Amino acid sequence: MDSSSVAGATVFKARTSRWFTGLAVLVTAGGLASVVATDGPAGLLTAWPLLGIAYGGWWLFWYPAVLVAEDAVTLRNPLVTVRVPWNALVDVDTRYALKLVTPSRGYTAWAAPAPGVWGTHSGKVEHLTNLPSTSYGPGGSVRPGDLKNTDSGHAAYLVRSHWQDLVETGRLDVDRQEKVQRSWNLAPLAVGVLLVVATALTPGVVS
């Protein structure tokens, strides 16, 4: 799993994020080298589609994250960022991906998908033990998406562990009601739109 600490928050990203992003950058680099070899440096003026590949890889795979901080859990998805205060959280689900459930609705994390068949069968005993109490279902059962070796499971482990610690230490103020905050990721969206427009205006791309 890819998790780190930044400015007091634990930042989780999908384990494949660096690989897919790196692949997109390599494809772009190879394409740019081919353009320069064929058309010379002037050919870079028509390389917007290639830059779009690298940017798309970064935006879809590296940019999304789950941030676990003292005051809230933040889901940074490609289009929208959602900040869920701890006292607005009522459940954590991992059926299809990490999903933070509030009294009004649920919010899904792009960065923490549930595992496929391979991820489920690669689970070991240590991935089932010492999980936060809310991870276990009837009879101590554990959903495949809760296994710590999976993206959804590791992200859920981080969220549930901190949530449980807040409850047990009395730091969760349930009487103080805070609202979930949703905001559009305007800067990444704007760059994406500019690349699409530049690609559409590039000679030979759209005929």
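**Figure 1. The largest pocket of the predicted model.** About 170 Å³ of space lies in the largest pocket of this predicted model. Its lining includes Glu-70, Asp-71, Arg-83, Trp-86 and Asn-87. Also part of the lining are Leu-166, Arg-171, Leu-172, Asp-173, Arg-176 and Glu-178. By residue class, the lining of the largest pocket divides into 7 charged, 3 nonpolar and 1 polar.

**Figure 2. The open sheet formed by β6, β7 and β8.** This open sheet has 3 strands, arranged in the order β6-β7-β8, and their pairing is antiparallel. Strands β6 (91–93) and β8 (106–113) stand at the edges; each has a single partner strand, so one side of each is left without a neighbour in the sheet. From one strand to the next, the twist averages 20°.

Figure 3. Asn-77 is found in the loop between β4 (72–76) and β5 (80–85). The relative accessible area of Asn-77 is 14%; because buried means under 20%, Asn-77 is classed as buried. The side chain of Asn-77 reaches the backbone nitrogen of Trp-110 at 2.8 Å.

Technical notes: Residues are numbered from 1 along each chain as its sequence is written. This is a predicted model: local features need pLDDT of at least 70, side-chain atom pairs count only at pLDDT 80 or more; totals for chains, interfaces and linings use all residues. Side-chain values use heavy atoms; hydrogens and water are left out. Two strands pair if DSSP finds at least two bridges between them. Helices (H or I, at least four residues) and strands (E, at least two) are DSSP runs, numbered from the N terminus. Axes are lines fitted to C-alpha atoms, for helices over the stretch in contact, and angles run from 0 to 180 degrees between N-to-C directions. On a 1 Å grid over the protein atoms alone, a cavity is a set of points where a 1.4 Å probe fits but cannot get out, and a pocket is an open set with protein on both sides within 12 Å along at least five of seven lines; lining residues have an atom within 4 Å of a point. Grid points are joined across faces, edges and corners, and a volume is the space filled by probe spheres set on the points. Ala, Val, Leu, Ile, Met, Phe, Trp, Tyr, Cys and Pro count as nonpolar, Asp, Glu, Lys and Arg as charged, and the others, Gly among them, as polar. Buried means under 20% relative accessible area, exposed over 50%, partly exposed in between (1.4 Å probe, protein chains only). A polar contact is a pair of N or O atoms within 3.5 Å; within protein, one must be able to donate a hydrogen and the other to accept it, and residues adjacent in sequence count only if both atoms are side-chain atoms.
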